[in-house]
Amino acid sequence: MSLPSFDYRAPETVEKAIALRQEYGDDALLMAGGLVVMILLRERLVQPRTIINLSEISALRRIDLSKKTLRIGAAVTHSEITNSEQVRSVAPMLCEACGRVGSPAIRNMGTLGGSICHGDGASDPAPALLALDADAMVSGPSGQRRIPLKNFFRGVFSTELEEDELLTELLVPVPAKGTQTRFMKYTSTSEEAFATVTVAVSLLRKRSGKCAEVRIGLGSVAPIPMRALEAENLLRGKVATKELIADVASAAALEADPASDAQASEQYRRDMTAVWVRRVLEDMLL
Amino acid sequence: MIPQEKMAVTINGESHELDVSVNKTLIDLIKDDLGLVGTKDGCRQGVCGACTVLVDGVPIRSCLELAIRCNGKQITTVEGLREVDSLHPLQQAFIDAGAVQCGYCTPGMLMMATAFLKENPNPTEEEVREALIGNICRCTGYTGSVRAVLAVAEGAAT
């Protein structure tokens with residue numbers, strides 16, 4: 001089936017894109033990689049007057065690493081992130097997460113910003129970015145604002161982004177020396193499927209063995225990508241033992257809020273959350 | 001009236017200047033407007049891989065791309081693999097390995113494998129399987145395709 005009719009604009013700067021956002025409001029839909037938008041269009045789930053293509057805005061396609069911050073443009077593709085030496089040097093977990101999105105051709109099209117703005121609880125990079133304590137940099141008519149990613153997701157397919165705003169970059173703080181990270185995507189069907197559960201952990205242990213910083217990102221087990229804050233609190237300030245890790249894993253499973261779908265039941269997702277949080281933490285800490 | 005735009009695109013080495021509807025997908029441009037029917041139209045959801053083509057050498061799903069976004073780019077379809085008077089080594093290897101039954105997934109697999117071998121000329125079997133993970137075949141069970149790609153890699157190495 002062909003696509004519905006729409007106007008097409010391809011601005012070359014962020015400012016022009018925002019001006020178009022102001023002009024069209026919710027009559028326009030942004031397209032970066034196009035994976036989500038093209039399917040929504042084809043299924044007639046959206047019928048925008050205008051498509052604003054973002055792929056010609058070079059400012060959205062840059063990766064930049066300074067001493068303190070890794071900045072990734074919103075329209076950088078998953079493949080570009082997976083292959084980026086700069087990203088790998090400070091956030092290898094993000095390379096792994098982007099390398100687990102769909103299949104190779106999908107990773108060549110899909111963008112990090114697209115995955116975040118879609119607000120899908122099953123996003124693979126989102127839990128990694130949450131564990132890395134990333135911020136979303138957003139531009140609008142009145143300037144820029146920086147939103148911690150943990151506050152960016154509002155509900156199913158809904159984010160903090162206003163109708164005249166644009167996500168321009170994801171900002172990842174360069175982790176302190178000695179920080180450990182792990183990313184794990186578990187699928188119960190085939191490798192390229194959406195995850196049953198995704199676990200991303202970043203932690204820093206003191207010389208005493210106590211966990212100083214702990215962040216646990218979870219995917220596919222709630223309406224939005226989430227941090228397992230209760231689980232983190234149990235572990236923070238403690239020396240990990242097998243028993244403590246089991247408690248942390250149970251806490252993560254309890255605060256998860258999964259839904260049943262064709263791939264997995266609510267209970268199965270919850271059980272797998274406990275299993276994989278436990279395995280990941282045991283692997284990192286014992 | 002669907003808005004039209006002018007675009008220039010090179011397909012299999014041949015330049016075209018076209019007027020396209022902005023809502024036309026790349027696969028429709030390739031098959032309907034240019035008559036290159038080797039590229040296959042499968043799920044139209046980006047899942048099956050049958051419509052895979054190369055844009056500036058990078059494999060993408062032509063069902064999920066707007067034609068207009070390829071303005072100024074180089075597209076390669078399965079028709080562009082053939083060398084002057086012989087098949088591309090991958091095409092021959094697919095035949096030799098019996099990797100083709102109904103053949104619907106073959107053009108997509110060939111495009112994916114072409115780009116993959118360019119990047120990784122000496123792959124392991126596991127790497128080949130990972131590269132073809134997004135190209136669904138419902139006939140052969142993949143062993144033939146994997147064998148064919150490995151045979152080309154080995155042939156090129158010797």
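Helices (H or I, at least four residues) and strands (E, at least two) are DSSP runs, numbered from the N terminus.

A couple of housekeeping points apply throughout. Residues are numbered from 1 along each chain as its sequence is written, while chains are lettered from A and ligands numbered from 1 in the order in which they are written. As the model is a prediction, local features need pLDDT of at least 70 and side-chain atom pairs count only at pLDDT 80 or more, but totals for chains, interfaces and linings use all residues.

One chain B residue worth a look is B:R44, which sits in the loop between helix 1 (26-33) and strand 3 of chain B. Leaving aside residues up to four places away in sequence, B:R44 touches A:R42 and B:C63. B:R44 counts as partly exposed because it has 19 C-beta neighbours inside 10 Å. The scale calls a residue buried if 20 or more other C-beta atoms lie within 10 Å of its own, exposed if 12 or fewer, and partly exposed in between, again with C-beta atoms placed from the backbone. From B:R44 to B:T76, 32 residues along the chain, the C-alpha atoms are separated by 19 Å.

Moving on to chain B as a whole, its secondary structure comes to five helices and five strands, and reading along the sequence gives β-β-α-β-β-β-α-α-α-α. The C-alpha trace spans about 55 × 30 × 25 Å along its principal axes. Chain B has a radius of gyration of 16 Å, which agrees with the value near 15 Å that a compact globule of 158 residues would have. That radius is taken over C-alpha atoms, and the globule rule is 2.2 Å times the number of residues to the power 0.38. Buried residues make up 47% of the 158 residues in chain B. Of the chain B contacts with a separation of 6 or more, 58% are between residues 24 or more positions apart.

Chain B splits into domain 1 (4-80) and domain 2 (89-157), with bounds that come from an automatic or database domain assignment. The C-alpha centres of these two domains of chain B lie 22 Å apart. Their contact brings together 14 residues of domain 1 of chain B and eleven residues of domain 2 of chain B. On the domain 1 side, strand 3 (52-55) and strand 4 (58-61) of chain B are the elements giving two or more residues, and strand 3 of chain B has the largest share, three residues. By class, that side has eight nonpolar, five polar and one charged residues.

Chain A, for its part, is assigned domain 1 (7-52), domain 2 (62-173) and domain 3 (181-285). Taken over C-alpha atoms, the centres of domain 2 and domain 3 of chain A are separated by 20 Å. The contact takes 23 residues from domain 2 of chain A and 22 residues from domain 3 of chain A. Helix 5 (92-98), helix 8 (125-131) and strand 8 (153-155) of chain A each supply at least two residues of the domain 2 side, with helix 8 of chain A giving the most, five residues. That side of domain 2 has twelve nonpolar, six polar and five charged residues.

Chain A also has an open sheet of three strands in the order 1-3-2, with parallel pairing; two strands pair if DSSP finds at least two bridges between them. Strand 1 and strand 2 (28-31) of chain A are the edge strands, each pairing on one side only. Three bridges join strand 1 of chain A to strand 3 (residues 50-53) of chain A, and A:Y8 has A:I51 as its bridge partner in strand 3. Strand 2 and strand 3 of chain A pair over four bridges, with A:L30 standing opposite A:I52.

Key: Two residues are in contact if their C-beta atoms, placed from the backbone, lie within 7 Å. Ala, Val, Leu, Ile, Met, Phe, Trp, Tyr, Cys and Pro count as nonpolar, Asp, Glu, Lys and Arg as charged, and the others, Gly among them, as polar.
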